[in-house]
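The sequence and the model come first, and the description follows.

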Amino acid sequence: MKKVALFLTLIILASASYAAFDKKITFKGKTLAPTVFDHGKHMAVKGTTCKACHPAIFKQKAGTSKVTMAAINKGKFCAVCHKEKGKAFAVAKNCAKCHVKEGVY
Ligand code: HEC
Ligand code: HEC
Ligand code: HEC
């Protein structure tokens, strides 16, 4: 019985931290401004779970997924959703939405 209670508590704690997960990941560009991936803004999209991205699209350790623009342009990584008629704005023509920095893109 105690074990069950502990298990349930852990689930409740896990789901609470779930909604609040807002870690920002910075992909350092070489020629363009860095791209910041914001967990908080993505988790705020209704129906999004960690499994939408982990582990199928991205590894759960910053800098290990080998994300490149060439791969994105082939429909991988961010472009699984960021594409024409996808869940989010398409990559083409929206460079500055991801490569954000005052006055630069
Ligand atoms: C959905 C977000 C997103 C959009 C939109 C996007 N990119 Fe990227 N881009 C990335 C990510 C993530 C990387 C990986 C950054 C790195 O190299 O560390 C990247 C990397 C790059 C790089 C290589 C790194 C550098 O700074 O030289 C270039 C060049 C690039 N993007 C150009 C573009 C252009 C041009 C567009 C518009 C047609 C565009 N990107 C739109 C996310 C995006
Ligand atoms: C829309 C896609 C997406 C969703 C949803 C998502 N993540 Fe991530 N996550 C990423 C990306 C992108 C990275 C960076 C991967 C890389 O750099 O290789 C990342 C990295 C991480 C990291 C590594 C952080 C570090 O500093 O090493 C953790 C931990 C993580 N995510 C946990 C979660 C959890 C927990 C959830 C659900 C609450 C979640 N992610 C949902 C895209 C996502
Ligand atoms: C599982 C689907 C999914 C993946 C994968 C994904 N996104 Fe998004 N992203 C969304 C949705 C949905 C929105 C909100 C709708 C919109 O803005 O078009 C969004 C919004 C954004 C925004 C605007 C909000 C903000 O944070 O300022 C940026 C920038 C962004 N994503 C960058 C990225 C980058 C960079 C990657 C890859 C490292 C990525 N996304 C991967 C689904 C995704």
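## A loop residue to begin with

Lys59 lies in the loop between α2 and α3. The model is predicted, and in it Lys59 is partly exposed, with 13 other C-beta atoms within 10 Å. Leaving aside residues up to four places away in sequence, Lys59 touches Thr64 and Ser65.

The peptide bond that joins His54 and Pro55 is cis, with omega at about 0°.

## The chain as a whole

The chain contains four helices and two strands. In sequence order these follow the pattern α-β-β-α-α-α. How many of the residues are buried? Of the 105 residues in the chain, 6% are buried. Among contacts between residues at least 6 apart in sequence, 24% join residues at least 24 apart.

## Thr35, a buried residue

Thr35 is found in strand β2. Is Thr35 buried or exposed? Thr35 has 20 other C-beta atoms within 10 Å, and therefore counts as buried, the cut-off being 20 or more.

Which residues does Thr35 touch, not counting those up to four places away in sequence? They are Phe27, Gly29, Cys98 and His99. Thr35 and Ala96 are 61 residues apart in sequence, yet their C-alpha atoms are 9.3 Å apart in space.

| Residue | Other C-beta atoms within 10 Å | Class |
|---|---|---|
| Lys59 | 13 | partly exposed |
| Thr35 | 20 | buried |
| Lys76 | 15 | partly exposed |
| Lys85 | 5 | exposed |
| Lys93 | 8 | exposed |

Most residues other than glycine have a negative phi, and most peptide bonds are trans. Lys85 has a positive phi, near 60°, and is not a glycine. Lys93 is not a glycine either, and its phi is positive at about 70°. Lys85 is exposed because 5 other C-beta atoms lie within 10 Å of its own, and the limit for an exposed residue is 12 or fewer.

Lys76 can also be placed by its distance to a residue elsewhere in the chain. Lys76 and Ile57 are separated by 19 residues in sequence and by 7.8 Å in space, from C-alpha to C-alpha.

Ligand 1 has 19 residues around it, and Phe27, Gly29, Met69, Cys95 and Cys98 come nearest. Among these, Phe27, Gly29 and Cys98 are also touched by Thr35. Helices α3 and α4 each supply at least two residues of the shell around ligand 1. The largest share, three residues, comes from α4. By class, this shell has 10 nonpolar, six polar and three charged residues.

Ligand 3 has 20 residues around it, and the nearest are Asp38, Lys41, Cys78, Cys81 and Ala88. Strand β2 (35–38) and the helices α2 (39–43) and α4 (95–98) each provide at least two residues of the shell around ligand 3. Strand β2 contributes three residues, the largest share. In this shell, 13 residues are nonpolar, three are polar and four are charged.

Helix α4 supplies at least two residues to the shell around ligand 1, and at least two to the shell around ligand 3. Strand β2, where Thr35 lies, gives the largest share of the shell around ligand 3.

Technical notes: Residues numbered from 1 in each chain as written. Chains lettered and ligands numbered in written order. Predicted model: local features only at pLDDT ≥ 70, side-chain atom pairs only at ≥ 80, totals over all residues. Near = placed C-beta within 6 Å. Nonpolar A, V, L, I, M, F, W, Y, C, P; charged D, E, K, R; others polar. Contact = placed C-beta atoms within 7 Å.
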